[in-house]
Amino acid sequence: MTVLTALAPYEDERANRIVVDGPADEPIEGEISVEFRGANNTLTVTRPVRLDRLTVSFDCDNGQVTLGSSKGRAPFSANIRVGQDAAVEIGRNVSSVASVLITAVEGARVQVGEDVMFSAHNELRTDDAHPIFDVRSGKRVNPARSVRVGDHVWFGRGAAALSGATIDDGSVVGFRSVVTGSIPNNSIAAGAPARVVRRDIAWERPHLSRVAPFYKPDASTVRRSRYWSLTDSPTHPGVGRRVRRQARRRLQRSGVVAALARSALLRGLLRTLLRRG
């Protein structure tokens with residue numbers, strides 16, 4: 001086992017590496033601990049980067065951690081554990097109030113987009129750390145699954161995203177909420193398991209008491225980011241395609257499509273109605 005306490009270019013005989021990109025005159029400060037237990041693991045960091053505390057543990061082989069650059073944001077802290085063939089990707093300008101616990105094992109991946117804001121006691125986990133089996137079949141019931149967090153997502157204090165969770169751009173995960181499924185863009189999710197409680201929202205970083213003006217009753221008091229969007233709905237192109245596919249499947253199951261295909265009269269009637277519409 002090798003433990004390093006600085007983020008500088010490194011490579012050992014087991015093909016474990018630290019790669020540091022970006023301007024050489026940008027120092028990387030903070031409390032650092034990088035532990036290599038296996039082989040062929042890579043930590044890639046892009047300068048400039050603001051870190052308070054970073055612990056990375058490569059427990060097995062073929063792990064990857066990528067940490068994007070950050071400037072003009074609060075520092076980022078994390079405790080990252082990476083298992084066999086797993087990966088953690090942290091985007092640009094990600095910040096946190098305290099260390100974020102991140103685990104990825106068994107080929108799963110944690111992806112965090114740009115401009116994500118973590119509070120304290122947050123967790124992103126592809127796994128439960130220990131296996132659970134069905135007694136009758138012997139099959140694993142809690143396999144590791146990837147976690148994806150989009151751009152400009154805000155995690156409230158104690159919020160977590162567990163195995164299989166996805167959170168799209170511009171959303172907020174409420175205090176002590178636990179995301180286990182999919183949360184759409186520009187929405188607020190709360191509860192355990194988390195459910196969408198409000199749609200069509202946008203949030204911004206300026207603190208209510210630390211950044212003037214100290215009353216922010218409407219959007220004129222902040223500079224709008226590029227993440228102001230309506231939450232995906234049936235009129236959104238991506239969702240619309242899913243709705244059309246579901247409608248086609250329902251029609252096929254109902255036999256309507258087959259009936260139309262057999263009947264020239266029905267096909268002609270349908271064309272007439274469509275032209276009139």
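In the predicted model described here, L67 lies in strand β7, which spans residues 64-67; strands (E, at least two residues) and helices (H or I, at least four residues) are DSSP runs, numbered from the N terminus. The model being predicted, local features need pLDDT of at least 70 and side-chain atom pairs count only at pLDDT 80 or more, whereas totals for chains, interfaces and linings use all residues. Residues are numbered from 1 along each chain as its sequence is written, and side-chain values use heavy atoms, with hydrogens and water left out.

L67 counts as buried because its relative accessibility is 4%, where buried means under 20% relative accessible area, exposed over 50% and partly exposed in between, with a 1.4 Å probe and protein chains only. When residues up to four places away in sequence are not counted, L67 touches T44, V45, T46, V49, L51, L54, F76 and I90, a contact being heavy atoms within 4.5 Å. Between L67 and G91 there are 24 residues of separation in sequence, but the C-alpha to C-alpha distance is 6.4 Å.

L67 and G91 are also among the residues that line the largest cavity, together with V49, R50, G68, S69, S70, F76, I90, N93 and V94. A cavity is a set of points, on a 1 Å grid over the protein atoms alone, where a 1.4 Å probe fits but cannot get out, and its lining residues have an atom within 4 Å of a point. The structure holds 1 cavity of 30 Å³ or more, and the largest cavity contains about 30 Å³ of space, the volume being the space filled by probe spheres set on grid points that are joined across faces, edges and corners. Its lining comprises 5 nonpolar, 5 polar and 1 charged residues, with Ala, Val, Leu, Ile, Met, Phe, Trp, Tyr, Cys and Pro counted as nonpolar, Asp, Glu, Lys and Arg as charged, and the others, Gly among them, as polar.

The largest nonpolar core has 45 residues, and L124 and F155 have the most contacts inside it; such a core is a set of buried Ala, Val, Leu, Ile, Met, Phe, Trp, Tyr and Cys residues joined through side-chain atoms within 4.5 Å. Apart from neighbours within four places in sequence, L124 is in contact with V100, L101, I102, T103, V110, V112, F118, V149, F155 and A161.

Strand β14 (residues 123-125) runs parallel to strand β17 (residues 160-161), to which 2 bridges join it, and E123 stands opposite A160 in β17. Two strands pair if DSSP finds at least two bridges between them. These strands belong to an open sheet of 8 strands with mixed pairing, in the order β1-β4-β6-β8-β11-β14-β17-β20. At its edges stand β1 (2-4) and β20 (178-179), each with a single partner strand, so one side of each is left without a neighbour in the sheet.

A further open sheet, also of mixed pairing, has 9 strands in the order β2-β3-β5-β7-β9-β12-β15-β18-β21. Within it, 5 bridges join β3 (residues 17-21) to the parallel strand β5 (residues 42-46), and D21 has T46 as its bridge partner in β5.

Most residues other than glycine have a negative phi, and most peptide bonds are trans. H152, in the loop between β15 (147-149) and β16 (154-155), has a positive phi near 55°, and H152 counts as buried at 2% relative accessibility.

How values were computed
1 Å grid on protein atoms, 1.4 Å probe; cavity = no way out; pocket = protein on both sides within 12 Å on 5 of 7 lines; lining within 4 Å.
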